[in-house]
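I opened this model to go through its fold, its helix packing and a few single residues. The notes follow in the order in which I looked things up.

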Amino acid sequence: MKKLSLRTRVLTGAAVVAALGAGTFGAMSASASTPAAAPAAVKADAANRNLQQTTHLTVAAATKAARATLDAAKKENQRVSVAVVDRNGNTIVTLRGDGAGPQAYESAVKKAYTAVSWNAPTSELAQRLTNAPTLKDIPGTLFLAGGAPVTAKGAPIAGIGVAGAPSGDLDEKFAQAGVASLAK
């Protein structure tokens, strides 16, 4: 048998790899073009016990509340950040007030998350730490005054968190101003 040159062996190997790759790609393309069976549709009506309707704060309402919060802080010459989260703790809107410290943004989000998670002002929740100190270990929470829940029909639908004022009491006062703006 005749020995092939290095160039011939490299070219032959490259051709074999290309052919295998094309075959694999073709097989994958063929299977990708076959649509999977669609899952059964769920009828969304009040009689379906597998579904639950929830109330959510709109972006416009969350922005209104955040603005009212910043306005209340500005009247008292306080530089704060405000966050509004939905019932699931997802951020709807955050506003960083002029001159607010860099830590205020994240603290505001965590206070809002904490308030909506327990449906209570964070000042009340901070007091619970004496009996249950490990509460503070729950990721994403901050047990300092400055968070207030927003409720509808007795259930939490959002949380407003404020951070940056010299005291948590002021932060919470401004958060409450945001909650109050939603009733207007």
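I take helices (H or I, at least four residues) and strands (E, at least two) as DSSP runs, numbered from the N terminus. With that settled, I looked up what comes just after α3: Asn-119, with a positive phi of about 50°.

**Ground rules**

I am working on a predicted model, where local features need pLDDT of at least 70, side-chain atom pairs count only at pLDDT 80 or more, and totals for chains, interfaces and linings use all residues. Residues are numbered from 1 along each chain as its sequence is written, and side-chain values use heavy atoms, with hydrogens and water left out.

**Overall fold**

I listed five helices and four strands for the chain. Along the sequence I read the pattern α-α-β-β-α-α-β-β-α. For burial I use relative accessible area: buried is under 20%, exposed is over 50%, and partly exposed is in between (1.4 Å probe, protein chains only). On that scale, 32% of the 184 residues in the chain are buried. For contact I require heavy atoms within 4.5 Å. Taking contacts with a separation of 6 or more, I find that 62% join residues 24 or more positions apart.

**Helix α2 against helix α5**

How do α2 and α5 pack, and at what angle? Helix α2 covers residues 59-75 and helix α5 covers residues 168-181; their axes are 7 Å apart, at an angle of about 135°. The axes are lines fitted to C-alpha atoms, for helices over the stretch in contact, and angles run from 0 to 180 degrees between N-to-C directions. That angle makes α2 oblique to α5. The classes I use are roughly parallel under 35 degrees, roughly antiparallel over 145, roughly perpendicular from 65 to 115, and oblique for the rest.

I noted the crossing of α2 and α5 as right-handed. A crossing is left-handed if the near helix is turned anticlockwise from the far one by less than a right angle, and right-handed if clockwise.

From α2, the contact uses Lys-64, Ala-65, Ala-68, Thr-69, Ala-72 and Ala-73. From α5, it uses Phe-174, Ala-175, Ala-177, Gly-178 and Ser-181. I sorted the residues of this contact into seven nonpolar, three polar and one charged. Here Ala, Val, Leu, Ile, Met, Phe, Trp, Tyr, Cys and Pro count as nonpolar, Asp, Glu, Lys and Arg as charged, and the others, Gly among them, as polar.

I then checked Ser-181, which lies in helix α5. Ser-181 counts as buried because its relative accessibility is 6%. Leaving aside neighbours within four places in sequence, Ser-181 touches Lys-64, Ala-65 and Ala-68.

**Nonpolar core**

A nonpolar core is a set of buried Ala, Val, Leu, Ile, Met, Phe, Trp, Tyr and Cys residues joined through side-chain atoms within 4.5 Å. I counted 21 residues in the largest one, and those with the most contacts inside it are Leu-57, Val-80, Val-82, Val-84, Ile-160, Val-162 and Phe-174. At least two residues each come from α2, β1 (81-86), β3 (147-152), β4 (155-163) and α5. The largest share, seven residues, is supplied by α2.

I followed Val-162 further. Beyond four places in sequence, its contacts include Thr-69, Val-80, Ala-108, Asp-171 and Phe-174.

**Helix α3**

Which residues of α3 are buried? I have Ala-104, Ser-107, Ala-108, Lys-111, Ala-112, Thr-114, Ala-115 and Val-116. Their cover includes β1, α4 (122-128), β3, β4 and α5.

**Gly-97**

I placed Gly-97 in the loop between β2 (91-96) and α3 (102-118). Gly-97 is buried, at a relative accessible area of 9%. Its C-alpha is 5.3 Å from that of Ser-81, 16 residues away in sequence. Leaving aside neighbours within four places, Gly-97 is in contact with Leu-70, Val-80 and Ser-81.

**Positive phi**

Most residues other than glycine have a negative phi. I went back to Asn-119 and placed it in the loop between α3 and α4. Asn-119 is partly exposed, with a relative accessible area of 30%. Lys-153 is not a glycine either, and has a positive phi of about 55°. I found Lys-153 in the loop between β3 and β4. Lys-153 counts as exposed because its relative accessibility is 87%.
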